Every structure is written in C-alpha cells, then in structure tokens.
Amino acid sequence: MRELARELLEGQEAWIVGGAVRDELLGREIVDLDIAVRDPRASAREYANRAGGSPFPLSERHGAWRVALEGGRTVDFTPLRDSIEDDLATRDFTINAIAVPLVDGEPVDPYQGRADLEGRIIRAVAPGIFTDDPLRLLRAVRLEDELGFRLDPGTEQLGREHAELVTQPAGERTLAELVRLSEAGYRRAGELDLLAPLGGSAKGLDRAELVDSPEFRLVAVFGESLSRLPVPNELLRYSRALRRTKPPEDGSPRAIYRFRRTTEPWALDALTFLGASEHAEAVRQARVREPAEPLLRGDELGLPPGPEIGRLLELVEEERAAGTIQTREEALELVRRERGAGDSK
C-alpha cells in the first residue's frame with residue numbers, strides 16, 4: 001500500500017499518521033493506512049484507479065476520503081490544511097499523534113507518543129478530546145483492550161467526567177467500537193461508566209466467558225437494549241433466541257427437540273446464555289441424528305393450505321424425534337388419529 005502511495009504522491013507533502021504509525025512501531029500488521037495530504041479527494045481517486053479499489057468520502061465534514069481494497073484493507077486520505085504539527089494537535093491520543101513522512105525525513109512526535117508506546121500508556125493529546133469527538137471514550141477502552149495498554153490517570157479522569165457523552169456519536173460508529181471489545185474490554189467500559197448510558201451492563205458477562213463471540217457479548221451486555229443500536233436483523237433474531245427461550249425441561253429427546261425448534265441454529269449459545277450447558281451434548285447428538293428428509297410433506301396430508309398443515313407436520317417431526325414413530329406409515333396414522341381427535345371435539 002505504501003509503495004504505491006509514495007509513487008503517486010512523489011513531490012507532494014504527505015505524511016503517514018495515526019494508527020498505521022503506531023502499529024508499525026509496535027510490530028503489528030498494518031491493515032489501514034492513513035495519509036495526510038493537501039488534496040485528499042484527488043489523491044484517493046488516483047490511488048483507487050491504480051490499485052483497483054473503490055474511493056468514497058469518509059467524512060463530508062472533515063474532507064477525508066477512503067479507498068477500500070481487497071482483503072479488508074483501506075487507505076484513508078485526510079486533509080492537511082496547515083502544518084503537520086497542527087494536524088497532530090487534533091488527534092486523540094499521543095500514541096496516535098506521530099507522523100512519518102511518506103517519502104523521506106524524520107518522524108514528528110510533538111507529544112512523546114513513542115515514549116508512551118514504550119510505557120504502554122494511552123494519554124490524551126488535549127483536555128478537549130472527548131468533547132471534540134465522544135466516540136473516543138469507547139475508542140480509549142478498545143485501544144486498552146486490543147493493545148494491552150492502560151489509560152494514564154489524567155485521561156481516565158477526563159473519560160469519567162465526560163462519560164455521559166458516550167450516547168452522542170452515531171449508532172453505526174458506536175457499534176463498530178463495541179463489536180471489537182473482548183469480555184475484559186466490556187468490563188473496563190462498565191468500570192468507566194460507559195455502558196449504562198447506552199443501556200448496557202457488565203453483569204451478564206460471566207456467561208460470555210464460555211462463548212468467544214462478539215454477538216454473544218453484545219446480547220449479554222445489552223439485552224433488550226440491543227435494539228437501540230443499528231444491528232442487523234439476524235443479530236436481533238439471535239438475541240431473541242437467547243433471551244426469550246426457557247431451558248429444556250430435561251434431557252429427553254422430546255425436550256431437546258422443543259428447545260432446538262425455538263433456538264437453532266444457536267441452540268448451544270442459548271444453553272450457555274441460560275446457564276443450562278449440561279444439555280449441550282444432548283443438543284450435539286440431536287444435530288448428528290437429525291434426519292435429512294421429513295417423514296411427510298404437506299401435499300401428502302390431503303388438506304387445504306393453512307396453518308393446520310404446519311401444525312401436523314410439526315407434530316410428526318416432534319414424535320419422530322421423541323422416538324414414538326419412525327416410518328411414513330406411522331406418521332400418516334398419527335395424522336389420521338390427530339385429525340380424528342380434532343373432529344370429535
């Protein structure tokens with residue numbers, strides 16, 4: 001990514017800034033490149049044309065552009081309006097306020113970010129970082145979590161004083177930070193009073209120790225409040241499957257079938273969420289034994305279209321799972337008896 005940028009921006013003032021510099025100094029893989037230039041729009045379009053990427057405005061307000069590349073890599077071009085020192089003064093934390101010339105020259109580090117990298121410290125560049133962009137409240141926690149760093153006392157105090165601002169960023173930006181938090185990251189966010197304003201709580205995180213999943217953690221932390229975030233419909237269905245289901249009455253095939261009917265394909269996660277993991281092996285075995293084809297189809301029942309067909313087919317499959325019937329003939333006999341019983345009422 002950097003080689004092409006050097007070729008295209010040769011002779012122009014351009015600086016690599018932000019997380020790319022930080023990650024390179026830490027020996028981490030660089031997936032996102034952030035370049036400060038005089039004309040971000042033109043630079044992004046030229047880069048995209050050569051790299052085969054897709055350019056789009058990242059921020060209308062700030063004039064930043066992004067080029068999306070294969071493999072989830074991105075190159076951001078941000079406006080360099082004044083000096084690089086002025087640009088770095090607008091950054092969030094000292095470890096992100098280091099600039100390296102794209103072509104040749106010495107790094108610029110006015111806030112001793114490299115020293116804080118060595119000390120594994122996250123320190124605010126200025127007292128107003130959280131009011132300038134409240135998303136930085138969650139970003140601070142996420143950086144602690146991902147890097148194994150710690151907020152310096154002054155920055156932590158600033159965060160606590162501005163915790164109520166955590167609800168201000170757009171939901172999409174908030175969610176993007178939350179999904180990257182580990183269990184420990186959520187606990188830290190709760191410790192800094194950042195979860196309650198969003199409708200969350202760290203109390204349900206004990207269950208998350210057993211399922212290493214961003215989706216599971218979101219449900220454990222936010223519960224019903226998850227719908228306040230712009231999450232996909234699939235995640236809302238997952239949440240309902242975990243929260244609105246009772247654990248199996250016992251480990252019988254019938255009870256396991258009924259539980260799976262309302263929770264699959266997330267039955268194992270639901271057991272963990274409900275504190276009923278003792279039934280996990282029964283669920284796994286039921287999955288292995290699950291027949292590839294149903295005993296009956298709806299058009300074999302001789303009934304007009306309607307909910308009664310679904311009810312009868314569901315009855316057949318439950319009895320099959322429970323072991324009371326095994327063949328198509330037994331299924332048809334069960335349906336005849338059930339219809340006869342219904343007609344006699």
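Which residues lie nearest the centre of the largest pocket? The close-ups below start there, in a predicted model where local features need pLDDT of at least 70, side-chain atom pairs count only at pLDDT 80 or more, and totals for chains, interfaces and linings use all residues. Numbering runs from 1 along each chain as its sequence is written, and side-chain values use heavy atoms, with hydrogens and water left out.

**View A. The largest pocket holds about 1,900 Å³ of space.** Asp 34, Leu 58, Asp 76, Arg 91 and Arg 139 lie nearest its centre, out of 49 lining residues. (Pocket: on a 1 Å grid over the protein atoms alone, an open set of points where a 1.4 Å probe fits, with protein on both sides within 12 Å along at least five of seven lines; lining residues have an atom within 4 Å of a point.) By class, the lining splits into 24 charged, 16 nonpolar and nine polar residues. Helix H7 gives the most, with five residues.

**View B. The largest nonpolar core has 75 residues.** Ile 35, Tyr 47 and Phe 77 are among those with the most contacts inside it. (Core: buried Ala, Val, Leu, Ile, Met, Phe, Trp, Tyr and Cys joined through side-chain atoms within 4.5 Å; buried means under 20% relative accessible area with a 1.4 Å probe, protein chains only.) H7 (residues 136–147; helices are DSSP runs, H or I, of at least four residues) supplies the largest share of this core, six residues.

**View C. The second largest pocket has a volume of about 460 Å³.** Among its 20 lining residues, Tyr 257, Ala 286, Glu 290, Pro 291 and Ala 321 sit closest to the centre.

Note on methods
Buried means under 20% relative accessible area, exposed over 50%, partly exposed in between (1.4 Å probe, protein chains only). Helices (H or I, at least four residues) and strands (E, at least two) are DSSP runs, numbered from the N terminus. Grid points are joined across faces, edges and corners, and a volume is the space filled by probe spheres set on the points. Ala, Val, Leu, Ile, Met, Phe, Trp, Tyr, Cys and Pro count as nonpolar, Asp, Glu, Lys and Arg as charged, and the others, Gly among them, as polar.
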